[in-house]
Structure formats: C-alpha cells, structure tokens
Amino acid sequence: VRGRYQGHQFGVTLGDDPESAAQRLRRLLVDLEDNTFVPGREAQSHRLPRAQVPNCDLRSLVNCFLDDVRRRRGKKTTRDYRNRLLHLLDFAETSDSRRRWPKAKNLDREFALQARVFLQNRDVRRNGKPGGPVKKMSQAQVRNCLETLSLVLIWASRADVRQLPPNFQNPVTQEIIGPKPSKDPLRGVAIPLETR
C-alpha cells in the first residue's frame, strides 16, 4: 500500500496471505484516521512498538521465548529451557488440554495443578539417554520445569514483549512450584571411607 501522510510518501507491505493482508490494511486505515500511524523510518526508532496481542497457543509462545533467550543468553541456556519446556508441551498438547486451554491466555490455576501432577507421574530416562533406565521425574526437575514455565509467562506479559494480555495472571505461583528440595543432613554415606 502506498500513500501520503503528513506531506510525506509512505509504503506498507501487507504480505502474501490475503486474510492477514486484509487485517493489516484495516489496522492501517484505523491508524491513519486516528493520526497514530508511524512510517517505517520512524517506527524503527520507537522503543515500544505498537502491536496487537497475538492469540497464540503455548507452543508459539515457547518458540518466541526461546528465540529471545537464544539472543540474550546463548545456546546452552536455550537448550536447558527447551528440554524443560518440552515436557510441559507434551501435557499442553493432549486432546483434553487442547479442549480446556486452547490458547496461552486461557491458562489458569487448574492448568498449573494438572501440569504438576503430569510431571510428577512422567517417566523419564536418566540424563535423557535413550537406553537409560526409566524412572519417575525427580521433584527437583518438576520444580525446574514449572519455574521455566513461570518465566515464560512472566516474559510474555511484559509491556515490551506483549504476547499475553496486560491483565493476565500468572497461574504458576510459588505455592504450585513448591519449596526447593533439600538433602537430608543426616543421610548415609553412599561410599564409606573403608571402601574408598
């Protein structure tokens, strides 16, 4: 779309998809009428871009979060977060979960409680090795997965990210995450002194 705004020419690319192009055109017309349109050369200098809150599912939200973490923190942290979030995506993409919580903005306390139960009953292999022995996920790893999900939702609610509505309440509270597990100070020694 080409036109003139406040005495200057502008051009806006609407895209190839007819549905999204029609949506962008309607948004452009509203911005022009409200005098809130920002041309491309000035939009780059805006610190907080104007954007409509997307209606995305949890997988799309996690992808955006991991892209951001990759730029800020590097490969290793991204890989750790990804491995933790994959367990939660397995829960979020079951047929029952998709019916009850189809979009990320629908997540509530019940989702967090059910996700915790799912993780506590999840069979995993030691160190992620395919041939390793199968056991239940440890409480420490359950806590890591829930903390990472909470981090995703906090990030998505930020004003400069705005992937979730501003009134979204993070359902993954400290009460659901649980206390940090501590080792028993009176536990027995795995390898006694004589054996060493």
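**Exercises on a predicted chain**

This is a predicted model. The mean pLDDT of the chain is 86, and 91% of its residues reach 70 or more.

**Exercise 1.** Count the helices and strands of the chain, and give their order.

Solution. The count is 8 helices and 4 strands. Reading from the N terminus, the order is β-β-α-α-α-α-α-α-β-β-α-α.

**Exercise 2.** Find how many disulfides the structure has, and explain the case of Cys 64.

Solution. Searching the whole structure gives 0 disulfides. For a disulfide, two cysteine sulfur atoms must lie within 2.5 Å. The cysteine sulfur closest to that of Cys 64 belongs to Cys 56, and it is 6.5 Å away, so the pair is too far apart for a bond.

**Exercise 3.** Decide whether Cys 64 and Cys 145 are buried, partly exposed or exposed.

Solution. Buried means under 20% relative accessible area, and exposed means over 50%. Cys 64 has 31%, so Cys 64 is partly exposed. Cys 145 has 0%, so Cys 145 is buried. Across the 196 residues of the chain, 32% count as buried.

**Exercise 4.** Compare the radius of gyration of the chain with that of a compact globule of 196 residues.

Solution. The globule would have a radius near 16 Å. The chain has 23 Å. Next, look at the box filled by the C-alpha atoms: along the principal axes it is roughly 90 × 35 × 35 Å.

How values were computed. Residues numbered from 1 in each chain as written. Predicted model: local features only at pLDDT ≥ 70, side-chain atom pairs only at ≥ 80, totals over all residues. Heavy atoms only, no water. pLDDT = per-residue confidence, 0-100. Buried < 20%, exposed > 50% of the residue type's maximum accessible area, 1.4 Å probe, protein only. Helix = DSSP H or I, 4+ residues; strand = E, 2+ residues; numbered from the N terminus. Rg over C-alpha atoms; globule rule 2.2 N^0.38 Å.
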